[in-house]
Amino acid sequence: MARESKSLDLSAFTFDESWDEKRIRAGKIVEILMKTYPRERLLIGDPYRTLIHCIISQRMRDEVTYRVWEELFKKYRDIETIASTPVEEMQDFLRKHGVGLWKTKGEWIVKASRIILERYNGRVPDDIHELMKLPGIGRKCANIVLAYGFGKQAIPVDTHVNRISKRLGLAPPKVPPEKVEEYLKGLVPKDKWIYVNHAMVDHGKNICKPIKPKCSECPLRELCPYAKGLVKDEDIK
């Protein structure tokens, strides 16, 4: 396997499978997911708007996030306006629109905007390590900005990707999200990375739900160790 890493441990899985077998199965899984959940357009906006969307979205339902995100940019328009907005005003805006963690997120939005203007000349950095220096941007959000803002090949690991990757036996059941990302990047062809997040998120909402997944309806059931009883929910961290 070309991208196999010494840090990726096969013994951490709950069933036996060689790297070659796992890589071939991963390729089939991704192809099925892409056909089942096609997206004509993956980008949700420019990198800055994608970044703000990601900050708002943390621990929020998608429909609420999108509504607030649209309202925010109707009122504040651009990065210069947001950067010049008092933190307390942004916090109040988020609170009135029903955003959880509004106090923290309001501070992150304004401070991240100011840093981008002052340190990066108004351009969102396209490097994961630079992105993670911004307030409110962890590894998942940084990868979302790279994938959906810049159109770069990246794999954001949210709760759906974490759960589904482990049920599918593409990552060991107890590893942290950053390790899930590493396994997926080792198993999935790079030109397909950008599709993994959106397809697994859609699959998690429709079929592979946290409770009572619809295995009998799943197009991946013949490729899935969870459906065959080889991975159990109690195994997954």
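Me: Which residue forms a salt bridge with Asp-191, the closest N and O atoms being 3.3 Å apart?
Reply: The model is predicted, so local features need pLDDT of at least 70 and side-chain atom pairs count only at pLDDT 80 or more, whereas totals for chains, interfaces and linings use all residues. Residues are numbered from 1 along each chain as its sequence is written, and side-chain values use heavy atoms, with hydrogens and water left out. A salt bridge is taken as a side-chain nitrogen of Lys or Arg within 4 Å of a carboxyl oxygen of Asp or Glu. At 3.3 Å between the closest N and O atoms, the partner of Asp-191 is Lys-192.

Me: How many residues apart in sequence are the parts tied together by Arg-167 and Asp-233?
Reply: The two side chains meet in a salt bridge of 3.2 Å, N to O. Arg-167 lies in helix α9 (residues 159-167) and Asp-233 in the segment after α11, so the parts that the pair ties together are separated in sequence by 66 residues.

Me: What angle do the axes of α1 and α11 make where they cross?
Reply: Helices are DSSP runs (H or I, at least four residues), as strands are (E, at least two), numbered from the N terminus. Axes are lines fitted to C-alpha atoms, for helices over the stretch in contact, with angles from 0 to 180 degrees between N-to-C directions. Helix α1 (residues 19-36) and helix α11 (residues 193-206) have axes that come within 9 Å and cross at roughly 70°.

Me: Which residues of α1 meet α11?
Reply: Contact means heavy atoms within 4.5 Å. On the α11 side, the residues are Tyr-195, Val-196, Ala-199, Met-200 and His-203. From α1, those that meet them are Val-30, Leu-33 and Met-34.

Me: What is the orientation of α5 to α6?
Reply: The axes of helix α5 (residues 87-96) and helix α6 (residues 102-119) come within 8 Å and cross at roughly 130°. Angles under 35 degrees count as roughly parallel, over 145 as roughly antiparallel, 65 to 115 as roughly perpendicular and the rest as oblique. The orientation of α5 to α6 is therefore oblique.

Me: Which residue just after α2 takes a positive phi of about 60°?
Reply: Helix α2 (residues 47-57) has ten of its eleven residues buried, so the rest of the structure largely encloses it. The buried residues, among them Leu-51, Ile-52 and Ile-55, pack against α3 (62-76), α4 (79-83), α6, α7 (128-131) and α8 (139-149). Just after α2, the residue with a positive phi of about 60° is Arg-59.

Technical notes: Buried < 20%, exposed > 50% of the residue type's maximum accessible area, 1.4 Å probe, protein only.
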